[in-house]
Amino acid sequence: QVQLVESGGGLVQAGGSLRLSCAASGGTFDRNAMAWFRQAPGNEREFVIGISYSGSNTYSAHSVKGRFTISRDNAKNTMYLQMHRLKPEDTAVYYCAASRGTYMDYVPAKNDYYYWGQGTQVTVSS
C-alpha cells in the first residue's frame with residue numbers, strides 16, 4: 001500500500017515559480033509510474049504531467065508543456081513538480097498519484113492511477 005504526501009504548495013505571483021514534492025512510503029515507489037493531477041473549484045480533476053517508473057519517460061498536458069517539469073528520486077522515494085511561469089489558471093489543488101501497476105516504463109492513462117495524496121493548494125495571483 002503506497003502512501004503519498006504532497007508538500008510545497010502556496011501563494012505565488014503570476015510569472016513566478018514553485019516546486020512541489022511528493023513523498024511516498026509503505027510501498028514500492030520505485031516500481032510505480034507517477035503523475036501530478038490538479039483540480040480547480042468547479043472543475044474535474046485533470047492530468048498535468050506524468051513520469052514512468054524508471055524516470056526515462058515523461059508526458060505533460062499541453063497547457064503546461066514547456067513550463068512544468070517532473071522528476072523523481074527513487075532513492076529518496078520522492079517525486080517533484082517544478083513549475084515555472086505560473087499563470088492564474090494554474091491555481092488548483094495539486095495531487096500526486098501512483099499507478100496501480102508496476103514496472104510501467106511509460107506514462108499510464110488517467111484511470112490507471114490508484115494511490116493518491118491528500119493534495120496541496122497552489123494559488124497564483126495576477
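In the predicted model, the backbone nitrogen of Gln 118 is placed 3.1 Å from a polar atom of the Glu 6 side chain, and the backbone nitrogen of Gly 119 lies 2.9 Å from a polar atom of that side chain. Glu 6 itself belongs to strand β1, which spans residues 3-7. Although Glu 6 is buried, it takes part in no salt bridge, and Arg 45, the nearest side chain of opposite charge, is 7.4 Å away. When residues up to four places away in sequence are set aside, the contacts of Glu 6 include Gln 118, Gly 119 and Thr 120, together with Trp 36, Tyr 94 and Tyr 95. Ser 21, Cys 22, Cys 96 and Gly 117 are also among the residues that Glu 6 touches.

Two of these contacts of Glu 6, Cys 22 and Cys 96, form a disulfide in which the sulfur atoms are 2.1 Å apart. The structure holds one disulfide. The link between Cys 22 and Cys 96 is right-handed, with 55° about the S-S bond, and it connects distant parts of the chain, given that Cys 22 lies in strand β3 (residues 18-25) and Cys 96 in strand β9, 74 residues apart. Cys 22 is buried, with a relative accessible area of 0%, and for Cys 96, likewise buried, the relative accessible area is 0%.

Cys 22 is also one of the residues touched by Thr 78, a residue of strand β8. Thr 78 has a relative accessibility of 11% and therefore counts as buried, the limit for that class being under 20%. Beyond the residues up to four places away in sequence, Thr 78 touches Ser 21, Cys 22, Ala 23, Phe 29, Arg 72 and Asp 73. A polar atom of the Thr 78 side chain is 2.9 Å from the backbone oxygen of Lys 76. The C-alpha atoms of Thr 78 and Gly 26, residues that are 52 positions apart along the chain, are separated by 13 Å.

Three salt bridges are present in the structure. Side chains of opposite charge can pair when their charged atoms come close. Glu 46 and Arg 38 meet through their side chains in a salt bridge with an N to O distance of 2.6 Å; of these partners, Glu 46 is partly exposed at a relative accessible area of 36%, whereas Arg 38 counts as buried at 6% relative accessibility. Arg 38 is also bridged to Asp 90, at 2.9 Å from N to O, and this pair links distant parts of the chain, with Asp 90 in the loop between β8 (78-83) and β9 (92-102) and Arg 38 in strand β4 (residues 32-39), 52 residues apart. Both Asp 90 and Arg 38 are buried.

Because Asp 90 lies in the loop between β8 and β9 while Arg 67 lies in the loop between β6 (58-60) and β7 (68-73), the pair ties together parts that are 23 residues apart in sequence. Arg 67 is buried, as is Asp 90. Through salt bridges that share partners, Arg 38, Glu 46, Arg 67 and Asp 90 are joined into one network.

Note on methods: Residues are numbered from 1 along each chain as its sequence is written. This is a predicted model: local features need pLDDT of at least 70, side-chain atom pairs count only at pLDDT 80 or more; totals for chains, interfaces and linings use all residues. Side-chain values use heavy atoms; hydrogens and water are left out. Helices (H or I, at least four residues) and strands (E, at least two) are DSSP runs, numbered from the N terminus. Buried means under 20% relative accessible area, exposed over 50%, partly exposed in between (1.4 Å probe, protein chains only). Lys and Arg count as positive and Asp and Glu as negative; His and the chain ends are not counted. A salt bridge is a side-chain nitrogen of Lys or Arg within 4 Å of a carboxyl oxygen of Asp or Glu. A polar contact is a pair of N or O atoms within 3.5 Å; within protein, one must be able to donate a hydrogen and the other to accept it, and residues adjacent in sequence count only if both atoms are side-chain atoms. Contact means heavy atoms within 4.5 Å. A disulfide is a pair of cysteine sulfur atoms within 2.5 Å.
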